[in-house]
Every structure is written in C-alpha cells, then in structure tokens.
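Dear colleague,

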Amino acid sequence: FNEAHGGYSFCALAALRILGLVSIINVEMLRSWLVRRQLEFEGGFCGRTNKLVDGCYSFWQGGAIAVLDGWYNENDAACEKVGAADDEGLSFDEVMLQRYILLCAQDVNGGLRDKPSKPKDFYHSCYNLSGLSVSQHALSSSWPPTSSDTGDDDKNLNRLFGDSSFNILARTDPVLNIRTDRARHAAKQF
C-alpha cells in the first residue's frame, strides 16, 4: 500500500516532467531514494528497498535519475549542477550500470534478463537496453529534444564501460523511453 517502487516512481516523475510540474514534489527526497537503489557490488538497480538487483530497473531507476538530473540542470539555478562526485556524468555510477547490463544481464545466446539466474525475455531486453542507452547518453541532450539534438553525436557520450566501438546504442529519451529522433518526429505531429 505505501511501499516505494521504482517503476511507479518513474511513471509519476515522467508525467510530471511532461506537464512541467516536477517542482511540486520533494525532488531531493525522491533523488535520494532513487540513487540509493543502485547496489554497490552489482552495479545494477533494485526496484524497492531490500530487494535484489533486477535488470529492468536499469531504466526505471536509471531513467528516473536521468530525468531528475536533467530537470535540476535546466531549471534550478539556485542549486549546483547535479552529477556524480567528479562533476561528470549522472547522479549514479553509469559505468557500473553498463557493466551490470553487459556482463550480468546479457544472455550469451542473445537477449537480456532480470539477473544471471533467470531466463531472457522481451520485457527485460527492452528495459535493459533502454537503461543502457540512458547510462550512455542522458547528459548529452535536453528535454524535450530540440531539432538540433540529432541523437547520434558520439562526442557527448557519458563515461562508458567496455569497447565503445561496438557497444554504443542510439540515444533514448529518458522521459518517453523512445529514441530521441522518434520523439522529435512525434512532437512535430502535434
């Protein structure tokens, strides 16, 4: 009834971001709760307090943090720029998240999964890939995406894990969870 949950938190935050109403919530408390969901050893996110890492929360939690970081950096002039301790990247360890997705969530026969002991499935493949994209690109674009935001500018990538010559994904809009070029196209229709 009253337990915080990463998926619901993301949906509420994304809706508030679309409506331009993020400031009506306690963003510091939400941000604090979200960043504490990344587990130090595994590098992935859990969806609730005292739960195991689950690959889908790579997007639900990582995307929510990216949405909040973007909102802070664009709207809160009184606050210092939000980012990792070294002033580079997101408020979570994006390299550790990429490491979890690429080494633990990826099935050797293709597809992605919740965690190594689980089978691959479409749901976890989708949200692991979305989380991987957000962890690679989130700070390189504004929201909503502008016409100058092409979505394929590799010089503005976040910190990366592994060989960047073959593991970089297209940029995903962290609010809408679709590629930024598709988000721009959809916005032109309205």
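How do the residues of the lining of the second largest pocket divide into nonpolar, polar and charged? They divide into seven nonpolar, two polar and no charged, where Ala, Val, Leu, Ile, Met, Phe, Trp, Tyr, Cys and Pro count as nonpolar, Asp, Glu, Lys and Arg as charged, and the others, including Gly, as polar.

Please bear in mind that this is a predicted model, in which local features need pLDDT of at least 70 and side-chain atom pairs count only at pLDDT 80 or more, while totals for chains, interfaces and linings use all residues. Residues are numbered from 1 along each chain as its sequence is written, and side-chain values use heavy atoms, with hydrogens and water left out.

The lining consists of Ser-9, Ala-12, Leu-13, Leu-16, Ile-25, Asn-26, Met-29, Leu-30 and Trp-33. Two elements, helix 1 (6-19) and helix 2 (27-35), each give two or more residues to this lining, and helix 1 gives the most, with four residues; helices here are DSSP runs of H or I with at least four residues, numbered from the N terminus. (A pocket is an open set of points on a 1 Å grid over the protein atoms alone where a 1.4 Å probe fits, with protein on both sides within 12 Å along at least five of seven lines, and lining residues have an atom within 4 Å of a point.)

Elsewhere, helix 4 (residues 94-105) and helix 5 (residues 122-137) pack at an angle of about 150 degrees, with their axes 9 Å apart, the axes being lines fitted to C-alpha atoms over the stretch in contact and angles running from 0 to 180 degrees between N-to-C directions. Helix 4 and helix 5 are therefore roughly antiparallel (an angle over 145 degrees).

Best wishes

Key
Angles under 35 degrees count as roughly parallel, over 145 as roughly antiparallel, 65 to 115 as roughly perpendicular and the rest as oblique.
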